[in-house]
Amino acid sequence: MSHLPSRNRVIYQSEALFISPDTTGNHIYYMPPKDVKSAKALSECMVSGSGANGALLTFDACAGTGWNGTIITDKKFCTYSCTGSDMAGKASKNAQGELIHPVLKDVGLLSGISGAGLKYLKNSADFKDGSWGTTLEQLKRVQSANYSFTINRQDINQFGHLARLDSVVLEAPTVSMDFSYYLTDLENERLMGMVTDGSFQSLSGMMTRSQNQFGNNFFILTVPEGRDAVKGDQLVGDDHKSVISVGNGYVTDYSIEASVGAFPTASVTVEGMNIKSDVTTEFNEIPAIDPTDGSLICDRCFFLPPTESGQGQSVLKPGDITIDLQDAGLIARQLSGNTVGYQDPDDKGSAHIQSFTLSTPMGRTSLQRIGSTYAYAKEVDFPVTCTLTVNALVADLKSGNLVDLVCGQTYDLKVRMQNPDCQKCDPNGQPDAIVIDFKKAVLDSESFSSAIGDNKTVDVTFSTQVGGPEETAVGVFMSGFENTTGSDGKHKSFPTVAEGTGPDSTSDADKCLRFQRYGNIGTSGYANGGDAGGWSSELRTRVKKL
């Protein structure tokens with residue numbers, strides 16, 4: 001029976017969209033709560049008890065580290081499943097049937113557990129006093145989200161019956177999802193698995209099997225009518241919220257559109273394997289299917305983080321976009337936008353751009369086998385051909401001959417979107433929010449349109465193909481302001497869940513599947529060395545003080 005009150009309707013203000021980096025793995029991780037900052041002394045953080053051999057073990061709940069007298073084990077960001085209703089984690093009881101926090105169990109504490117630090121080990125999804133974090137991340141500036149499913153059935157008939165005997169599902173159901181959002185700084189793209197530091201093909205993360213073998217899980221939060229999802233989700237009980245989950249979602253199309261009088265917008269199409277709905281948003285089972293045997297994954301759970309409106313600029317504007325087409329048109333002179341505001345004499349072209357569309361379709365083939373209802377893999381259909389279509393007003397023409405294109409010529413095109421700024425006497429001098437390099441592009445078509453009463457326009461279409469991650473000279477490369485070089489010289493990468501060890505130990509006891517918000521080779525990505533998530537820097541500072 002639903003705990004939700006009757007609604008008259010659901011509108012955009014009451015919903016938010018989330019994505020998880022690891023489809024079939026653990027979706028929650030251990031993290032000391034924010035309340036650890038209130039500790040006045042180290043003794044308030046400590047938990048002690050006995051291990052399997054009776055040895056005394058200690059655990060620092062403020063730092064998330066254990067100590068057996070010889071080795072330090074670091075459990076921060078270690079991921080856990082969700083088995084059992086009494087405790088989130090892979091183990092919840094000792095041999096005597098007493099409840100034990102899974103992290104303490106991992107450290108080796110089995111009996112005689114006590115200490116002031118136990119107050120920081122609550123089984124709660126509350127980020128303030130709970131001990132669990134979630135790998136789910138919110139997608140920002142979402143404008144629309146649509147989802148559906150289709151079941152294909154085969155009728156079973158036989159002689160002697162007018163109607164069918166049965167209607168059997170012969171193929172796996174099809175789950176579809178599409179959403180759009182305003183472009184800001186490519187944070188959404190990074191969360192979806194794209195490379196956003198300009199060093200590799202932007203789509204290479206989605207195509208790498210180790211990163212995107214089973215797709216992503218998507219989650220749509222709905223809060224009660226009349227509430228904003230942002231902040232409002234924390235003001236109502238969990239039984240008054242619901243979440244719709246799409247499992248094993250593979251991105252099959254990503255496109256960007258920008259035009260005069262409209263905000264630059266990204267559109268994403270996703271093909272999934274499963275969809276489910278839950279009343280309440282904490283510690284529900286994930287929606288993923290295990291493609292290896294076609295079974296529903298029933299021993300892992302998720303919960304949603306607090307929603308937020310996002311940082312940085314609210315939106316990018318068409319007036320802050322410049323496009324360098326390298327004068328690649330055959331007949332129409334093309335605007336080359338290398339200089340901010342088109343002030344450089346070399347940038348004064350004569351085709352005035354009205355809109356552009358960047359399309360990167362990634363068709364996938366479902367690979368199936370006998371013995372499994374669902375596809376065991378959804379592989380990208382190569383080659384992936386990306387197109388850039390530009391619409392412009394025609395002013396001047398130039399000399400050109402189609403025969404010259406037969407010999408072949410490629411161009412390195414560039415789209416720059418700056419952070420918006422109020423312009424007075426000078427062009428916008430703000431940093432680039434997004435830079436898109438369209439490398440080794442070829443001119444596919446140039447189409448003119450002219451009619452009485454209308455401006456003469458030209459549509460120019462270029463294409464390039466996406467190669468492997470090692471290919472740096474051809475394809476689509478994207479870099480965003482959100483992925484600024486960190487103080488350690490590194491960039492952010494897409495979130496990952498991978499095996500790793502703590503910073504102070506190489507012991508096997510310290511190994512776990514760790515959630516890495518900025519990837520296993522990433523960093524906070526902020527030039528001042530700050531941490532966008534906040535918790536890591538707070539914990540480091542707190543431990544030093546203690």
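**Group meeting: a walk through a predicted model**

Before going on, some ground rules. This is a predicted model, so local features need pLDDT of at least 70 and side-chain atom pairs count only at pLDDT 80 or more, while totals for chains, interfaces and linings use all residues. Residues are numbered from 1 along each chain as its sequence is written, and side-chain values use heavy atoms, with hydrogens and water left out.

Back to T79. You'll find T79 in strand β7 (residues 79–80). Helices (H or I, at least four residues) and strands (E, at least two) are DSSP runs here, numbered from the N terminus. Is T79 buried or exposed? T79 is buried, with a relative accessible area of 7%. For us, buried means under 20% relative accessible area, exposed means over 50%, and partly exposed is in between, using a 1.4 Å probe and protein chains only. Leaving out residues up to four places away in sequence, T79 touches N26, I28, Y29, V497, L513, R514 and F515. A contact, by the way, means heavy atoms within 4.5 Å.

Now let's zoom out. The protein chain has 546 residues, and 48% of them are buried. Its secondary structure comes to 6 helices and 33 strands. Take the contacts between residues at least 6 apart in sequence: 70% of those join residues at least 24 apart.

As a reminder, strands of a sheet pair through backbone hydrogen bonds, either parallel or antiparallel. Two strands count as paired if DSSP finds at least two bridges between them. Strand β3 (residues 46–50) and β8 run antiparallel and are joined by 2 bridges. Within that pairing, S50 stands opposite S111 in β8.

Next, charges. Side chains of opposite charge can pair when their charged atoms come close. How many salt bridges does a search of the whole structure find? The search finds 14, where a salt bridge is a side-chain nitrogen of Lys or Arg within 4 Å of a carboxyl oxygen of Asp or Glu.

Here's one to look up: K378 forms a salt bridge with E271, with the closest N and O atoms 2.7 Å apart. This pair links distant parts of the chain, with K378 in strand β26 (residues 377–380) and E271 in strand β17 (residues 262–272), 107 residues apart. K378 counts as buried at 9% relative accessibility, whereas E271, at 26%, counts as partly exposed.

K276 and D278 make another, at 2.4 Å from N to O, and both of these residues are buried. Then there's D129 with K122, whose closest N and O atoms are 3.6 Å apart. D129 counts as partly exposed at 23% relative accessibility, and K122 does too at 40%. Finally, K140, E187 and E308 are linked in a network of salt bridges.

One more residue: D233, in the loop between β15 (216–222) and β16 (242–259). D233 is buried, at a relative accessible area of 3%. A polar contact of 3.0 Å joins its side chain to that of Q234. Beyond four places in sequence, the contacts of D233 include P305, P306 and T307.

The predictor's confidence in each residue is the pLDDT, from 0 to 100, and the chain averages 82, with 85% of the residues scoring at least 70. Where is confidence lowest and where highest? Lowest is helix α6 (residues 535–545), at a mean of 44, and highest is β17, at 96. Over residues 502–506 the pLDDT is below 50, and over residues 527–546 it stays under 50. Where pLDDT is low, the predicted coordinates should not be read in detail.

Key
A polar contact is a pair of N or O atoms within 3.5 Å; within protein, one must be able to donate a hydrogen and the other to accept it, and residues adjacent in sequence count only if both atoms are side-chain atoms.
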